[in-house]
Amino acid sequence: MDSEDAELVEGIRSGSEPAFNLMIDRHQQAVRGFLRRLLGNAADADDIAQETFVAAWREIHRYRGSARLRSWLCAIAWRKAKGAQRAWMRRRTREMSFHADTAPDLAPLSSSEDRFAVQQALLSLPIQQRAAVVLCLAEGFSHAEAADALGYPLGTVKSHITRGKAQLLRALGDPLGQDTVKEAEGD
């Protein structure tokens, strides 16, 4: 943990709102960016980011400083996102069983076909792979930082990234994605 974050943590532990606000200013872009790419929905991501910082305020006494503060915050965001995903799946299952024969599937439209294709390809990944790919490729986390944030062994994160990248390439029509998948499955 760098000295600036150490001072913030101590300030927050003593109840300093200015320290907490500074932590938000310093780290909200990384947390929101991770969640937006993970969830594919800015409004949901922003809601979960807000929940993440509220949880950080309440749970700051649990932060031990072994990981960077940004990684700790993304770990909280990851747990919140998984919880939201489970709740969404339960709600969707209930709604689908209730409305089994109703509304047709309406695909969202985007003005940028490429951006839409990448977002759809990301959303097709299992959430664990998506989280690892987003943290490392979009948010600039090292594999070790992503492992800390997600609570997975380093090898698992590397495997999720390899397989996730291959699946993204395949979904986006890159023939190299097929070879990469075969290589990743051979590991």
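**Contacts, core and helix packing**

User: Which residues does tryptophan 78 touch, not counting residues up to four places away in sequence?

Analyst: Tryptophan 78 touches Phe34, Leu38, Ile127, Gln128, Ala131, Ala149, Leu150 and Tyr152, leaving out residues up to four places away in sequence. Contact here means heavy atoms within 4.5 Å. This is a predicted model, in which local features need pLDDT of at least 70 and side-chain atom pairs count only at pLDDT 80 or more, while totals for chains, interfaces and linings use all residues. Residues are numbered from 1 along each chain as its sequence is written, and side-chain values use heavy atoms, with hydrogens and water left out.

User: Where is tryptophan 78 found, and is tryptophan 78 buried or exposed?

Analyst: Tryptophan 78 is found in helix 4. Helices (H or I, at least four residues) and strands (E, at least two) are DSSP runs, numbered from the N terminus. Tryptophan 78 counts as buried because its relative accessibility is 1%. Buried means under 20% relative accessible area, exposed over 50%, and partly exposed in between, with a 1.4 Å probe and protein chains only.

User: How many residues apart in sequence are tryptophan 78 and phenylalanine 34?

Analyst: They are 44 residues apart in sequence, and 8.9 Å apart in space from C-alpha to C-alpha.

User: What about leucine 38? What is it in contact with, leaving aside neighbours within four places in sequence?

Analyst: Apart from those neighbours, leucine 38 is in contact with Trp78, Ala81, Leu123, Ile127, Arg130, Ala131 and Val134.

User: How many residues has the largest nonpolar core?

Analyst: The largest nonpolar core has 47 residues, and Met23, Phe34, Leu35 and Leu38 are those with the most contacts inside it. Helices 1 to 8 each supply at least two residues of this core, including helix 2 (17-39) and helix 4 (69-98). A nonpolar core is a set of buried Ala, Val, Leu, Ile, Met, Phe, Trp, Tyr and Cys residues joined through side-chain atoms within 4.5 Å. In soluble globular proteins, nonpolar side chains tend to be buried together.

User: Changing topic: how many helices and strands has the protein?

Analyst: The protein has nine helices and zero strands. Of its 187 residues, 36% count as buried.

User: What is the angle between helix 2 and helix 5?

Analyst: Helix 2 and helix 5 pack at about 85°, and their axes are 8 Å apart. That makes helix 2 roughly perpendicular to helix 5. Axes are lines fitted to C-alpha atoms, for helices over the stretch in contact, and angles run from 0 to 180 degrees between N-to-C directions. Angles under 35 degrees count as roughly parallel, over 145 as roughly antiparallel, 65 to 115 as roughly perpendicular and the rest as oblique.

User: Which residues meet there?

Analyst: Arg36, Arg37, Leu38 and Leu39 in helix 2 meet Gln119, Leu122 and Leu123 in helix 5.

User: And helix 1 with helix 2: at what angle do the axes cross?

Analyst: Those axes come within 8 Å and cross at roughly 140°. Helix 1 and helix 2 are therefore oblique to each other. In helix 1, Glu4, Asp5, Leu8, Gly11 and Ile12 meet Ala19, Phe20, Leu22, Met23, Arg26 and His27 in helix 2.
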